[in-house]
Amino acid sequence: MPILLFLLWLVFNERITADVIITGVIAVLILTWFLSRFGGWSLKRDGQFAARIPAFIGFVINLIIEMCIANIHMIALVLSDKPNESIRPAIVKHKTPLKTSVGRVALANSITLTPGTITVDVGDNCVYVHAIDERARKSLENSSLENKLINMEKGL
Amino acid sequence: MELFKLIVGSVFIFTGLFIFGVATIGLFRFRYVLNRIHVAAKCDSLAALFVCVGLMFFSSSPGPIIKLAVIACFIWLTNPVASHLVSKIEVETNENLEDECKVEELP
């Protein structure tokens, strides 16, 4: 995490000089202290997340493909004759076996990113989802994204 | 090579602009907040990604490319949180929610 923050700082500056590096190191040290004090950061947790980077890249690629498919459906819905009559919005409860809060937040965000479904609230073992029509509800039930998240969550 | 970059970049940018346009049309065609969020917030995040990828093809040095990638990442992190909060407030405060959509179970 400190290395990532420092790289971000260098990217924002676009040049490597002494004053940039000194300011960056001081800011990164303060931020790391703050994160370990209030954000629950530790080296062990960093290692756990670093081991999941390959799985996470696969997850993101899968998410982008699903977004494109759902977006085409959404565009067809918007450009259809009577969009207000052809949709059937509903709020459904979707049970999820994800245990950690990080996993549930990732699931909620990926549901919200897919057009057609919005996460309204996150409960202990379920998420409440507003789906715009039947097709969005079906895609929610058999999504490969959740299985990927379950695999990534093991041992966290 | 230059021509190839120009063509691919233009295709990405125009796809993104098309999705932006459709999202704006959809914003006016739907009637209710929760239906509007679907097009307004989500199509935008994909369109912004397309535009950022398209702009990456036009920049020659690595600095702007990394910056565009960071912009796309932050849009993808913040956009779902913002639309989630809008929908949560709407569901919690609207008393006539049943008129607008079928409610199976409320939080």
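So, A:Tyr128: that residue sits in strand E3 of chain A, residues 126-131. A:Tyr128 has 10% relative accessibility, so it counts as buried. By that I mean under 20% relative accessible area, with exposed being over 50% and partly exposed in between, using a 1.4 Å probe and protein chains only. Along the chain, A:Val92 is 36 residues away from A:Tyr128, yet their C-alpha atoms are separated by 5.8 Å.

Quick housekeeping. This is a predicted model, where local features need pLDDT of at least 70, side-chain atom pairs count only at pLDDT 80 or more, and totals for chains, interfaces and linings use all residues. Residues are numbered from 1 along each chain as its sequence is written, chains are lettered from A and ligands numbered from 1 in the order in which they are written, and side-chain values use heavy atoms, with hydrogens and water left out.

Okay, staying with chain A. There's a split into domain 1, 2-47, and domain 2, 53-153, with bounds from an automatic or database domain assignment. The C-alpha centres of those two domains of chain A lie 33 Å apart.

Now helix H6 of chain A, residues 101-113, which is where you'll find A:Asn109. What span should the 13 residues of H6(A) have at 1.5 Å a residue? The expected value, 1.5 Å times one less than the number of residues, is 18 Å, and the end C-alpha atoms are 18 Å apart, so that agrees. The buried residues of H6(A) include A:Leu107, A:Ala108, A:Asn109 and A:Ile111. A:Asn109 itself counts as buried because its relative accessibility is 19%.

And what does A:Asn109 contact, leaving aside neighbours within four places in sequence? B:Leu77, B:Pro80 and B:Val81, where contact means heavy atoms within 4.5 Å.

That takes us over to chain B. B:Pro80 is one of the buried residues in H3(B), and B:Trp76, B:Asn79 and B:His84 are among the others. Helix H3 of chain B covers residues 62-93, and its 32 residues should span 46 Å; the end C-alpha atoms come out 47 Å apart, which agrees.

Zooming out, chain B has 4 helices and 1 strand, running α-α-α-α-β along the sequence. Of its 107 residues, 39% are buried. Take the contacts in chain B between residues at least 6 apart in sequence: 69% join residues at least 24 apart. The accessible surface of chain B is about 6,100 Å², 70% of it on carbon and sulfur atoms; that's Shrake-Rupley with a 1.4 Å probe, and for residues only the protein chains shown count as cover.

Last stop, helix H1 of chain B. B:Gly9 is in H1, and at 0% relative accessibility it counts as buried. B:Gly9 touches B:Gly54, B:Phe57 and B:Phe58, not counting residues up to four places away.

B:Leu6 belongs to a nonpolar surface patch of about 570 Å², along with B:Leu3, B:Ile7, B:Val11, B:Leu55 and B:Phe58. H1(B) gives the largest share, 4 residues, and helices H1 (2-29) and H2 (33-58) of chain B each supply at least two. For the record, patch residues have over 30% relative accessible area and no salt bridge, with like charges joined within 9 Å and nonpolar side chains (Val, Leu, Ile, Met, Phe, Trp, Tyr) within 5 Å. A salt bridge is a side-chain nitrogen of Lys or Arg within 4 Å of a carboxyl oxygen of Asp or Glu.
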